[in-house]
Amino acid sequence: MSIGETLAAARQQAGLTVAQVSQQTRIRETIIRAIERDDFSSCGGDFYARGHIRSIASVVGTDPVPLIREYDQEHPASGMRAAEIFEPATPIKIREPRPFGLGKVLIVVLLAVIGFAAYHLVSTGGGSHPSAATSGTTRPTVSPTASATVSPVVHHPVTPMAVIKVTATQDCWIGFTSTSGRQLYQGTILAGHSKTWRTKQAVSMVIGNPPGIVLTVNGRAETMSPVYPLTLSINPRSKTPVTTG
């Protein structure tokens with residue numbers, strides 16, 4: 001029996017209608033009917049097709065694992081490299097501030113000394129004023145002192161990063177997309193295995209079997225919802241980096 005025939009037979013044996021399965025899985029009736037006819041074109045891609053198969057199988061009471069394997073054999077996936085999620089889609093060049101050199105500081109000090117001397121010369125009328133000679137008063141000579149040289153403190157910007165770790169207790173499909181909708185990664189993590197991603201950009205994470213994994217973001221464990229599939233938004237720059245999509 002095909003995948004669709006197996007799901008349809010299990011649904012009928014469970015005494016459920018397509019409408020009842022739709023209410024429990026939140027999958028549209030038209031998509032469920034198409035899947036029972038082995039038509040997966042309306043699922044929106046292989047990742048979502050696997051999630052729909054798993055959700056429907058759980059409701060009608062049949063094992064989804066052999067159905068997923070059969071789907072993989074009939075629809076081989078062309079997953080992207082996991083390393084692609086490590087880098088932003090468009091690299092951003094950050095121009096760091098250049099330190100204010102010692103030579104420039106000395107030039108500023110020298111200009112300040114020259115300016116002060118010129119102002120002192122103008123205010124005294126050229127140094128020897130007639131009235132000053134007759135009165136016998138002498139103006140005190142002020143010697144400007146060079147100010148201390150201070151090197152500016154350079155602060156290098158730190159780019160936030162989210163460290164995402166998944167440990168599977170059951171087989172689980174994982175997918176990542178960028179905020180523009182570009183697929184970054186999709187694949188399955190087998191039970192008993194772990195996988196870690198690091199990203200500096202905001203991403204959308206889709207989990208095909210939420211109860212079958214332990215998810216941590218930056219070392220913090222996240223609570224898994226039983227919704228199939230589950231979509232999370234992860235933004236390294238946010239105070240709460242993980243939100244339900």
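Biologist: What kind of model is it, and how are residues numbered?

Modeller: It's a predicted model, where local features need pLDDT of at least 70, side-chain atom pairs count only at pLDDT 80 or more, and totals for chains, interfaces and linings use all residues. Residues are numbered from 1 along each chain as its sequence is written, and side-chain values use heavy atoms, with hydrogens and water left out.

Biologist: OK, helices. At what angle do H1 and H5 pack?

Modeller: Helix H1 (residues 3-13) packs on helix H5 (residues 64-74) at about 155°, and the axes are 10 Å apart. Axes here are lines fitted to C-alpha atoms, for helices over the stretch in contact, with angles from 0 to 180 degrees between N-to-C directions. Helices (H or I, at least four residues) and strands (E, at least two) are DSSP runs, numbered from the N terminus.

Biologist: So what do you call that arrangement of H1 and H5?

Modeller: Roughly antiparallel, therefore, for H1 and H5. The cut-offs are under 35 degrees for roughly parallel, over 145 for roughly antiparallel, 65 to 115 for roughly perpendicular, and oblique for the rest.

Biologist: Which residues meet there?

Modeller: From H1 you have Ile3, Thr6 and Leu7, and they meet Leu67, Glu70, Tyr71 and Glu74 in H5. Contact means heavy atoms within 4.5 Å. By class, the H1 contact with H5 has four nonpolar, one polar and two charged residues. Ala, Val, Leu, Ile, Met, Phe, Trp, Tyr, Cys and Pro count as nonpolar, Asp, Glu, Lys and Arg as charged, and the others, Gly among them, as polar.

Biologist: And how do H2 and H4 pack?

Modeller: Helix H2 (residues 18-25) and H4 pack at about 115°, with axes 10 Å apart. That makes H2 roughly perpendicular to H4. Val21, Gln24 and Thr25 of H2 make the contact with Ser55, Ile56, Val59 and Val60 of H4. The classes for H2 with H4 are four nonpolar, three polar and no charged residues.

Biologist: Which strands does H4 lie across?

Modeller: Helix H4 (residues 46-60) lies across strand S2 (172-178), S3 and S5, and runs at about 145° to S2.

Biologist: Switching to sheets. What's the strand order in the five-stranded one?

Modeller: That open sheet goes S3-S2-S5-S8-S9, with antiparallel pairing. Two strands pair if DSSP finds at least two bridges between them. The edges are S3 and strand S9 (242-244), each pairing on one side only. Inside the sheet, strand S5 (residues 203-207) and strand S8 (residues 230-234) pair over five bridges, and Ile207 has Leu230 in S8 as its bridge partner.

Biologist: And the sheet with four strands, what's its order?

Modeller: S4-S1-S6-S7, open and antiparallel. Its edge strands are strand S4 (194-199) and strand S7 (220-222), and the twist averages 25° from one strand to the next. Three bridges join strand S6 (residues 213-217) to S7, and Leu215 stands opposite Glu222 in S7.

Biologist: How many aromatic pairs are there?

Modeller: Five. One of them is Tyr185 with Trp197: the ring centres are 5.6 Å apart and the planes at 55°, so the pair is tilted. Rings of Phe, Tyr and Trp (its six-membered ring) pair if their centres lie within 6.5 Å; planes under 30 degrees apart are stacked, over 60 edge-to-face, and the rest tilted.

Biologist: What does the Tyr185 and Trp197 pair tie together?

Modeller: Tyr185 lies in strand S3 (residues 183-189) and Trp197 in strand S4, so the pair ties together parts twelve residues apart in sequence.
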